[in-house]
There are 2 protein chains.
Amino acid sequence: MLIRRLAVIGVGLIGGSLARALRHAGQVDEIVGCGRSRENLDKALNFGVIDRFTHEIGEAVSGADMIFLAIPLGAMESTFREMRGYLGDDALITDGGSAKGSVVEACRLGLGCLPPGFVPGHPIAGTEKSGVEASFMELYRGRRVILTPTDATSPEALERVTSMWRSCGAEVTRMSIAHHDEVLAATSHLPHMLAFGLVDTLARMDENDEIFRYAAGGFRDFTRIASSNPVMWRDICVANKAALGEMMERYIKDMEDLAETIRRGDAERLLEIFSRAKAARDRYIDTASDPGSTE
Amino acid sequence: MLIRRLAVIGVGLIGGSLARALRHAGQVDEIVGCGRSRENLDKALNFGVIDRFTHEIGEAVSGADMIFLAIPLGAMESTFREMRGYLGDDALITDGGSAKGSVVEACRLGLGCLPPGFVPGHPIAGTEKSGVEASFMELYRGRRVILTPTDATSPEALERVTSMWRSCGAEVTRMSIAHHDEVLAATSHLPHMLAFGLVDTLARMDENDEIFRYAAGGFRDFTRIASSNPVMWRDICVANKAALGEMMERYIKDMEDLAETIRRGDAERLLEIFSRAKAARDRYIDTASDPGSTE
């Protein structure tokens with residue numbers, strides 16, 4: 001497959017890395033960048049990540065046969081709205097949002113319909129860094145990309161977006177929108193809530209200075225994801241509140257049971273729980289994808 | 001300070017590393033190892049970590065002027081009991097237990113009293129590995145060791161145990177027993193409960209295979225401590241159930257608030273929580289000790 005003109009809306013780590021990978025794979029003729037920060041787009045131009053840029057969404061997407069949205073979930077609806085009337089008949093649209101149901105809703109509301117060329121997606125990749133200077137060609141190599149077609153998505157569109165990601169070295173899998181949001185709530189969104197919550201709980205304790213001073217290495221690893229971008233995680237929580245809310249209820253219930261087990265000093269049951277958890281962690285961890293991802 | 005005879009009860013990572021460090025520092029004449037596994041003690045002998053060994057606690061401590069207990073918290077009381085009648089007048093006793101209140105209680109019950117030479121301690125150091133083959137001279141260099149003297153501890157005993165740890169390169173601080181148990185409940189014991197709990201919650205979900213398959217790198221870091229030794233953590237929970245139970249209640253309450261905030265999609269409040277957590281994590285993490293510790 002070959003992209004005549006790729007429009008990257010949001011030229012940061014995620015959008016910039018896709019542009020670099022497709023360019024390197026010889027899969028794209030022209031790359032148009034779009035964003036608000038002139039400084040960032042100038043960098044992208046100097047790095048050769050994009051061929052030209054505009055601040056206008058409409059201008060960026062008109063004439064593009066592939067459009068990639070790498071923007072905050074909170075900006076999706078307005079971005080779709082600004083595309084109205086500018087999309088070509090052959091335009092394919094995909095994105096990198098960490099929650100899919102909300103992106104589909106944003107398209108329905110913003111664009112007014114779900115076009116056959118719209119293929120919601122989620123590359124399970126990322127680093128702690130952000131901005132186009134953090135982007136690199138190899139980000140998606142060997143990483144999973146989940147595509148969640150809508151009822152309106154055409155088989156051809158799904159095929160072309162699948163090929164695009166494969167040409168970047170990614171392993172593409174398909175899932176229903178609802179299932180994606182449940183799986184990510186469990187494996188990514190919930191853990192981030194626990195880490196943010198733990199650090200916040202400790203930070204609000206009187207002796208928090210001392211408490212953090214004695215935090216050991218386990219704590220350091222455990223709370224690393226609490227250093228993630230608060231705005232991005234606010235958007236993810238709002239976007240996936242149904243599935244995440246349910247996972248949190250389930251987890252809180254289990255933690256209440258564990259707390260009760262500890263209070264009554266039930267050593268046998270504690271050993272059972274910890275052994276089951278260690279076995280699962282040791283068994284599954286090698287199959288977990290992407291050491292770098294924090295989304 | 002110089003130790004005439006050091007008795008190390010439990011010659012594993014913690015006990016073996018102290019022996020190696022004191023030997024290297026030229027602070028000890030003779031090192032007697034004690035434990036149940038003949039194989040492990042033979043290794044310790046061959047590595048030169050100890051000079052001789054016995055399986056009898058009484059024999060190991062008689063004639064020793066420094067005794068280090070590096071055994072599971074669940075084995076403390078019986079070990080103190082086996083010391084009865086074998087302790088010399090100049091014998092100092094310290095330990096490496098992750099909870100201190102329970103060790104003091106084990107001494108009171110096992111030994112029948114709190115001797116002036118008993119200085120409860122907790123080196124905030126460790127690795128995922130265990131056994132004497134994992135021990136190394138530098139384990140305690142630059143790491144924090146918390147000493148929690150009892151009301152019976154003599155100033156001289158506290159001074160000598162402090163010097164012992166300093167000669168291993170450790171940074172020694174002092175805390176009340178109760179305060180140590182609260183601080184560790186917050187910074188170490190609670191995070192381990194959250195990680196064990198998360199992995200167990202996901203492992204018991206129907207689609208757990210798929211869920212773990214899509215777990216990202218953040219999840220990998222976050223759950224690393226769930227691979228810790230289940231027996232050790234069972235003992236820690238039972239030993240520190242009061243302080244840990246209280247911390248868990250506090251955390252669960254905060255998580256319920258967060259879940260409710262997510263359910264009602266309160267973006268402003270979510271941003272506030274995540275920003276406060278990130279700021280605390282980014283601010284304090286450089287002051288956290290011991291990248292290697294999991295206790």
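**Note on the predicted two-chain model**

1. Strands 7 and 8 of chain B pair in the antiparallel sense over 3 bridges. Two strands count as paired if DSSP finds at least two bridges between them. Helices (H or I, at least four residues) and strands (E, at least two) are DSSP runs numbered from the N terminus. One bridge sets Pro123(B) against Val145(B) in strand 8 of chain B.

2. Ground rules. This is a predicted model, in which local features need pLDDT of at least 70 and side-chain atom pairs count only at pLDDT 80 or more, while totals for chains, interfaces and linings use all residues. Residues are numbered from 1 along each chain as its sequence is written, chains are lettered from A and ligands numbered from 1 in the order in which they are written, and side-chain values use heavy atoms, with hydrogens and water left out.

3. The 7-8-9 sheet. Chain B has an open sheet of 3 strands in the order 7-8-9, with mixed pairing. Strand 7 (121–123) and strand 9 (171–174) of chain B are its edges, each pairing on one side only. Neighbouring strands in this sheet are turned by 20° against each other on average, direction ignored.

4. The six-stranded sheet. In chain B, 6 strands form an open sheet in the order 3-2-1-4-5-6, and the pairing is parallel. Strand 3 (52–54) and strand 6 (118–119) of chain B each have a single partner strand, so one side of each lacks a neighbour in the sheet. Strand 4 (residues 66–69) and strand 5 (residues 92–95) of chain B pair over 4 bridges. There, Met66(B) stands opposite Leu92(B).

5. Contact means heavy atoms within 4.5 Å. Axes are lines fitted to C-alpha atoms, for helices over the stretch in contact, and angles run from 0 to 180 degrees between N-to-C directions.

6. The interface. Chain B gives 93 residues to the contact and chain A gives 92. The two chains bury about 8,600 Å², 67% of it on carbon and sulfur atoms. Buried area is the accessible area (1.4 Å probe) that two parts lose on being put together, summed over both.

7. Salt bridges. Chains A and B share 8 salt bridges. The rule asks for a side-chain nitrogen of Lys or Arg within 4 Å of a carboxyl oxygen of Asp or Glu. One links Arg263(A) to Glu249(B), with the closest N and O atoms 3.0 Å apart. Over all chains the count is 54. Within chain A, Arg160(A) meets Asp65(A) at 3.8 Å, N to O. Arg160(A) lies in helix 6 (residues 155–166) of chain A and Asp65(A) in the loop between helix 3 (57–61) and strand 4 (66–69) of chain A, so the pair ties together parts 95 residues apart in sequence.
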